[in-house]
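Please look through the structure shown here, and keep the sequence beside it as you read. We will follow a few of its strands and then turn to a helix.

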Amino acid sequence: MNTKIFKPEGEAPIRHTMEDVRRAAASGALLEGKAILCDEEGNLTVDLGCCRGFMPHIECAVGLDTGETRAIAVVTRVGRRVVCKVEGFEGDTPVLSRRAAQEECIDKYVSLLRPGDIIPCTVTRLAGFGAFVDIGCGIPSLVTIDNLSVSRISHPSDRVREGWKILAAVKGRESPGRISLTLRELLGTWEENAAKFSVGQTVAGVVRGLESYGVFIELAPNLAGLAEPQETLTVGDVAVVYIKSILPERMKIKLVVADHFKGEGEPIPLEYFYRGRPHRSVGLLDRGGAEGYRDRLRVKSPVGAPGRGRDSGTICQNNQICARVIDKCPADVILIPNFLRGRPTCSSSAFMANTVTFMLIILVSII
């Protein structure tokens with residue numbers, strides 16, 4: 001098993017001694033520094049604490065030589081941290097390569113990931129169509145807006161913010177070094193989220209949608225209820241609501257708006273569901289050690305859908321690939337096949353029986 005940890009940029013120390021730098025050059029260890037300058041030829045100057053290193057333009061990222069990565073990706077690293085390997089010295093100046101670090105990360109980590117694997121990553125940039133994340137050594141991936149949340153959101157900032165450390169699941173692979181990710185399946189099923197609320201409670205939510213027939217109010221990242229139309233409400237408002245009824249058979253919650261006000265714009269904190277209980281993260285995931293991950297992180301399904309599966313997916317501890325966790329598969333909880341792995345997560349008989357149950361639930365909700 002690979003023992004090297006491939007963290008997202010920004011998590012390792014950036015103050016090094018010259019001995020650290022020379023040792024890294026001999027061993028191939030990864031270092032992290034801060035890019036402080038990009039010259040007219042696109043070369044980076046990197047502050048390592050004890051000295052300044054030189055990073056040739058072509059070594060600043062994977063894909064620059066083929067055109068897959070644009071030059072703007074180098075310019076925008078100025079003022080930010082970069083991971084690198086020490087390729088040698090020109091006098092006392094270390095010659096650095098971020099590309100070499102990324103190639104090793106792809107070869108020994110990213111290329112081994114498969115759909116359903118759960119990995120830690122850092123949100124680096126938000127766009128209207130999704131959130132870009134660093135999955136290790138500055139290698140980017142995208143969580144599209146439809147994979148950020150089951151509840152409707154108008155922009156990725158409604159769910160995450162830049163700098164947040166989150167968990168995401170591998171949804172597919174485009175190339176050895178490029179994967180697509182999803183978040184919403186890790187945030188719990190409707191039943192799991194609804195179990196946190198009771199009829200008669202008054203709670204705060206966020207207005208997510210306005211329709212002629214009612215107002216959709218998000219109570220949790222994967223749970224929204226419906227209230228009567230109100231002309232004074234706008235999308236993004238914080239709504240104080242009374243829970244009138246919870247209808248599990250129709251997967252609906254009816255709400256009554258008691259008050260509302262302009263919110264501060266912060267997303268509702270994420271809650272990941274492990275071993276049947278939520279784990280809260282307000283954007284800053286408590287990593288702990290590898291053993292802490294092993295003890296704590298086990299999702300109910302390999303990302304695919306409501307319910308458990310026999311193969312609970314890979315839990316990557318501190319960015320290291322570890323053994324896939326195998327759980328027993330209760331036949332009464334799986335509703336739909338694991339779309340990520342392209343096969344049912346239970347036996348075929350359990351899958352067929354529960355697929356019928358799932359279709360009945362859909363028909364009841366439509367009626």
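How many bridges join strand β11 to strand β14, and do the two run parallel or antiparallel? In this predicted model, β11 (residues 202–211) and β14 (residues 238–247) are joined by five bridges and run antiparallel, and within this pairing V203 stands opposite V241 of β14. Strands of a sheet pair through backbone hydrogen bonds, and they may do so in either a parallel or an antiparallel way.

With two residues between them, β11 and β12 form a hairpin.

These strands belong to a closed barrel of five strands, which runs β11-β12-β13-β15-β14 with mixed pairing. On average, and with direction ignored, neighbouring strands of this sheet are turned by 50° against each other. A parallel pair is found where two bridges join β13 (residues 223–227) to β15 (residues 252–261), and here A227 stands opposite L255 in β15.

Now turn to helix α3, which covers residues 98–108 and is largely enclosed by the rest of the structure, because eight of its 11 residues are buried. A residue is called buried here when its relative accessible area is under 20%. The buried residues of α3 are R98, R99, A100, A101, Q102, E104, C105 and I106, and they pack against β3 (52–55), β4 (81–90) and β5 (93–97).

Technical notes: Residues are numbered from 1 along each chain as its sequence is written. This is a predicted model: local features need pLDDT of at least 70, side-chain atom pairs count only at pLDDT 80 or more; totals for chains, interfaces and linings use all residues. Side-chain values use heavy atoms; hydrogens and water are left out. Buried means under 20% relative accessible area, exposed over 50%, partly exposed in between (1.4 Å probe, protein chains only). Helices (H or I, at least four residues) and strands (E, at least two) are DSSP runs, numbered from the N terminus. Contact means heavy atoms within 4.5 Å. Two strands pair if DSSP finds at least two bridges between them. Axes are lines fitted to C-alpha atoms, for helices over the stretch in contact, and angles run from 0 to 180 degrees between N-to-C directions.
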